[in-house]
Amino acid sequence: MLETPMFVALLCLFIKHFICDFPLQASPWMYKNKGTYGHAGGIAHAAIHGAGTFISLIYWLGSSAWIFALADMVIHYHIDWAKMNISMKFDLKANNSEWFWILLGFDQLLHHLTYFAIIAIAFNFA
């Protein structure tokens, strides 16, 4: 099972997620502006995720990986936008509320469920 293409592709997406969501989002321009709809910082962050998804899937899906990369970009953007707006509305910060951490965990769960859906759809139609 560990060598199946679906498992390896999912593993690639999880590793991509860490790289794109943490080290490559080190700029305050990205993470501080994700709550403003349409701001270039949030779009750039989501585009980095889309590029990472494309790279993660091209081996198995060829050029059709772009549609999943685009879907990931759009979904990632909206998950982050919603999380930022909820955090701002309720003044949730790492040092003032356990709900900040619950919301962060939920954000990560939604991203990972997105990857399971991408893999399920991609490998059923590839």
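1. D72 counts as buried, with a relative accessibility of 1%; buried stands for under 20% relative accessible area, exposed for over 50% and partly exposed for the range in between, with a 1.4 Å probe and protein chains only. This is a predicted model, in which local features need pLDDT of at least 70 and side-chain atom pairs count only at pLDDT 80 or more, while totals for chains, interfaces and linings use all residues. Residues are numbered from 1 along each chain as its sequence is written, and side-chain values use heavy atoms, leaving out hydrogens and water.

2. D72 forms a salt bridge with K16, at 3.0 Å from N to O; the term requires a side-chain nitrogen of Lys or Arg within 4 Å of a carboxyl oxygen of Asp or Glu. K16 belongs to helix α1 (residues 5-21) and D72 to helix α4 (residues 65-89), so the pair ties together parts 56 residues apart in sequence. Helices are DSSP runs (H or I, at least four residues), numbered from the N terminus. K16 is buried too, at 6% relative accessible area.

3. The whole structure has four salt bridges. One of them joins K83 and D107, whose closest N and O atoms are 4.0 Å apart. K83 lies in helix α4 and D107 in helix α5 (residues 98-125), so this pair ties together parts 24 residues apart in sequence. Both K83 and D107 are buried.

4. Another salt bridge links K93 to D91, with 2.3 Å between the closest N and O atoms. K93 is partly exposed at 42% relative accessibility, as is D91 at 41%.

5. Y59 sits in helix α3 (residues 40-61) and is exposed, at 69% relative accessibility.

Methods:
Helix = DSSP H or I, 4+ residues; strand = E, 2+ residues; numbered from the N terminus.
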